[in-house]
Amino acid sequence: MATAGLYRRILPSPPAIDFASSEGKQLFLEANQSGTMEGFFKLISYFQTQSEPAYCGLASLAMVLNALAVDPGRKWKGPWRWYDESMLDCCEPLEKVKAAGISFGKLVCLAHCAGAKVEAFRANQSTIDDFRKYVMACSTSDDCHVISSYHRGSFKQTGTGHFSPIGGYHAGKDMALILDVARFKYPPHWVPLTLLWEAMNTIDGATGLPRGFMLISKLHRAPALLYTLCGTSCKHESWFSTAKYLIDDVPCLLKSEDVKDVKNVLSVVLSSLPIDFREFIKWVAEVRRQEENGGQSLSQEEKGRLAVKEEVLKQVQETCLYRHVAEFLFSEKSCCRTIPRTAHEDNLPDIAAHICCQGAGLLSGISSSSHGFCCQGTCVKCFKDNGDKPVTVVSGTVVDRDGEQGVDVLVPSSQSNFNGCSCSPTNSVGTYPMSNDVLTALLLALPPQTWSGIKDEKLLQEICSLVSTENLPTLLQEEVCLDIGFHSY
């Protein structure tokens, strides 16, 4: 009796060699003896089958993140924090991925949002020699893994575009081991690296762009120390409209306007920001459940993280660009609210109420959405913990259908010397992350070509000097370049 559906596929060999075949085993033994299977053991420990036919990218990324021991910072099931495909919804809605798969660029975005360090190369941005070098480097280490985006047709396999991690390399035969996450279809298999390069050097019909590969490793510090472009906003149209404005429209605006000084440049860039800009970049808050002692103490880990956030805030406010941005925002024009504000008009209780709702979701194991949670009220407290510097905590009571819970937001603070105009929204500028420093960090993160439309050579040099990251302190460099830098893949 015939059974509906498909049960596996026969692996076309050649060109591929089944990992479990006699020849495949011999290749593994030889590569292992040569030291180019070091990354294999961590990957194979977390090898998974994609749970949906179009989830190859999500499964590959979840497998690599777990192999690198990247903590998702939120629960998967029960008390456990673990990366699952269902948690990788930052840059593309899961329903859309389920229907049509995910593009190379969106998978890169996901890896960044998940807190990994990512280096991505489309085939037209690299060479086969560079690719071989990267594969060998990651195969001789267990702290870096390669995910390849390729066309199955090059291996005489059924299907089109596919993602899978590379599990190892045989230098003598110049072959790479593909740990195919579509295990219901094909087993892991060795392929000639030259043929894999040809399979990557193809055009993705959905985007019109070449496929490629990405190197994923673990950051040696917490990602997104103070600011982030990702999080829940990545999957909303507002994220893409703002990104398009900053990357595509701003250079054209600067080219068409006759800007004479830095204030003119800032006016052009900031006055036309999309109205939903506040969803684009936000500061990353430290959230915890309220403690029985009223939250009058911090753990050493909390103190450490808060201190790093405060140092980043301080370093932003010490840049020359910050002073220009602050003066512009608190000018008579910006006081009349012609500039879209970020983060709920810089009102700390309102910000904290929103964060408390998001934090309650995270602490309950739900994605960072605040949907279904209502903050009944907030209270701003300032205390000294064992003689340390004062700590600002905003406490809120969050209610949902299951009851209520108390949530604390630990607020980084750094006193600015800048004196704004009398109608500024707060009496003390810069006591916590606000529009002026958030916008400063964003401007620092824009790619250099953003400013290329400025016609005045002297002004162009001044702007390039103000936004240059070369002389920034290392901590701020990493925050700007790694966490909120624009990755146009």
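**Surface, cores and a covered helix**

The protein chain exposes about 22,300 Å², of which carbon and sulfur atoms supply 52%; accessible areas come from the Shrake-Rupley method with a 1.4 Å probe, and for residues only the protein chains shown count as cover. This is a predicted model, in which local features need pLDDT of at least 70 and side-chain atom pairs count only at pLDDT 80 or more, while totals for chains, interfaces and linings use all residues. Residues are numbered from 1 along each chain as its sequence is written, and side-chain values use heavy atoms, with hydrogens and water left out.

Of the 489 residues in the protein chain, 54% are buried (under 20% relative accessible area, 1.4 Å probe, protein chains only). The chain has 16 helices and 17 strands, taken as DSSP runs (helices H or I, at least four residues; strands E, at least two) numbered from the N terminus.

The largest nonpolar core holds 47 residues, among which Leu-110, Trp-190, Met-214 and Ile-216 touch the most other members. Such a core is a set of buried Ala, Val, Leu, Ile, Met, Phe, Trp, Tyr and Cys residues joined through side-chain atoms within 4.5 Å. Elements that each supply at least two residues of this core include helix H1 (22–33), helix H5 (104–113) and strand E11 (212–218). Helix H3 gives the largest share, 9 residues. A second, separate core of 36 residues includes Leu-254, Tyr-322, Leu-443 and Leu-460.

Helix H14 (residues 435–445) is mostly covered, with 11 of its 11 residues buried. Among them are Asn-436, Asp-437 and Leu-443.

Notes:
Buried < 20%, exposed > 50% of the residue type's maximum accessible area, 1.4 Å probe, protein only.
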